[in-house]
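Below is a briefing on one protein model, grouped by topic. Have the sequence and the structure open side by side while you read.

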Amino acid sequence: MVYIISWDDFVERSVQLFRASPEKTRYVMKYRHSEGKVVLKVTDDKECLKFKTDQAQDAKKMEKLNNIFFTLMARGPETDITEVTGKEQTAQPPKRGRGRKQ
């Protein structure tokens with residue numbers, strides 16, 4: 001069990017691990033209050049991937065990873081996850097109507 005330093009590497013390898021054996025892959029999130037750290041673990045009992053962070057801004061990244069796994073579990077391991085990850089988004093026009101009217 002080696003901790004992966006890069007978040008992007010962890011996500012990429014986790015998705016590959018899930019797609020290789022979706023029936024056996026587990027995803028665990030553990031919060032250590034005494035250390036103020038969150039440890040994420042993805043394993044299929046043959047390979048174990050771990051990521052550790054103490055940064056609060058990584059919560060959004062973890063939420064995206066949850067959404068990726070929910071999508072893969074619900075739609076199947078061959079599902080295209082670009083719509084979940086948002087890596088290939090097109091430029092959207094700015095929304096109107098926000099804020100108070102003057």
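Trp7 is buried, and Phe51 is buried too; buried means under 20% relative accessible area, exposed over 50%, and partly exposed in between, with a 1.4 Å probe and protein chains only. This is a predicted model, in which local features need pLDDT of at least 70 and side-chain atom pairs count only at pLDDT 80 or more, while totals for chains, interfaces and linings use all residues. Residues are numbered from 1 along each chain as its sequence is written, and side-chain values use heavy atoms, with hydrogens and water left out.

**Aromatic rings**

- A pair of aromatic rings is described by the distance of the centres and the angle of the planes.
- Rings of Phe, Tyr and Trp (its six-membered ring) pair if their centres lie within 6.5 Å; planes under 30 degrees apart count as stacked, over 60 as edge-to-face and the rest as tilted.
- The structure contains 5 aromatic pairs.
- In one of them, the ring centres of Trp7 and Phe51 are 5.0 Å apart and the planes stand at 70 degrees, so this pair is edge-to-face.
- Trp7 belongs to helix α1 (residues 7–20) and Phe51 to strand β4 (residues 48–53), so the pair ties together parts 44 residues apart in sequence.
- Trp7, Phe10 and Phe51 are linked into a cluster by ring pairs.
- Lys52 lies over the face of Tyr3, 4.7 Å from the ring centre. The criterion for a charge over a ring is NZ of Lys or CZ of Arg within 6 Å of the ring centre and within 35 degrees of the ring normal.

**Overall make-up**

- The protein has 3 helices and 4 strands. Helices (H or I, at least four residues) and strands (E, at least two) are DSSP runs, numbered from the N terminus.
- Starting at the N terminus, the order of elements is β-α-β-β-β-α-α.
- Of the 102 residues, 30% count as buried.

**The sheet**

- The 4 strands form an open sheet in the order β1-β4-β3-β2, with mixed pairing. Two strands pair if DSSP finds at least two bridges between them.
- β1 (2–3) and β2 stand at the edges, each with a single partner strand, so one side of each has no neighbour in the sheet.
- β1 and β4 run parallel and are joined by 2 bridges. Val2 has Leu49 in β4 as its bridge partner.
- β3 and β4 run antiparallel, joined by 6 bridges. Val38 stands opposite Thr53 in β4, and Val39 has Lys52 in β4 as its bridge partner.
- β2 (residues 26–32) and β3 (residues 37–43) pair in the antiparallel sense over 7 bridges.

**Met29 in strand β2**

- Met29 is placed in strand β2 and stands opposite Leu40 in β3.
- Met29 counts as partly exposed, at 42% relative accessibility.

**Hairpins and turns**

- The hairpin of β2 and β3 has 4 residues between its strands, and Gly36 there takes a positive phi near 70 degrees.
- β3 and β4 also form a hairpin, with 4 residues between them.
- Most residues other than glycine have a negative phi, and most peptide bonds are trans.
- Asp45 is not a glycine, yet has a positive phi of about 75 degrees.
- Asp45 sits in the loop between β3 and β4 and is exposed, with a relative accessible area of 58%.

**Helices**

- The axes of α1 and helix α2 (residues 59–75) come within 11 Å and cross at roughly 15 degrees. Axes are lines fitted to C-alpha atoms, for helices over the stretch in contact, and angles run from 0 to 180 degrees between N-to-C directions.
- That makes α1 roughly parallel to α2. Angles under 35 degrees count as roughly parallel, over 145 as roughly antiparallel, 65 to 115 as roughly perpendicular and the rest as oblique.
- The α1 and α2 crossing is right-handed. Right-handed means that the near helix is turned clockwise from the far one by less than a right angle, and left-handed anticlockwise.
- Glu83 lies in helix α3 (residues 82–85) and is exposed, with a relative accessible area of 56%.
- Glu83 and Ile68 are 15 residues apart along the chain, and their C-alpha atoms are separated by 9.4 Å.
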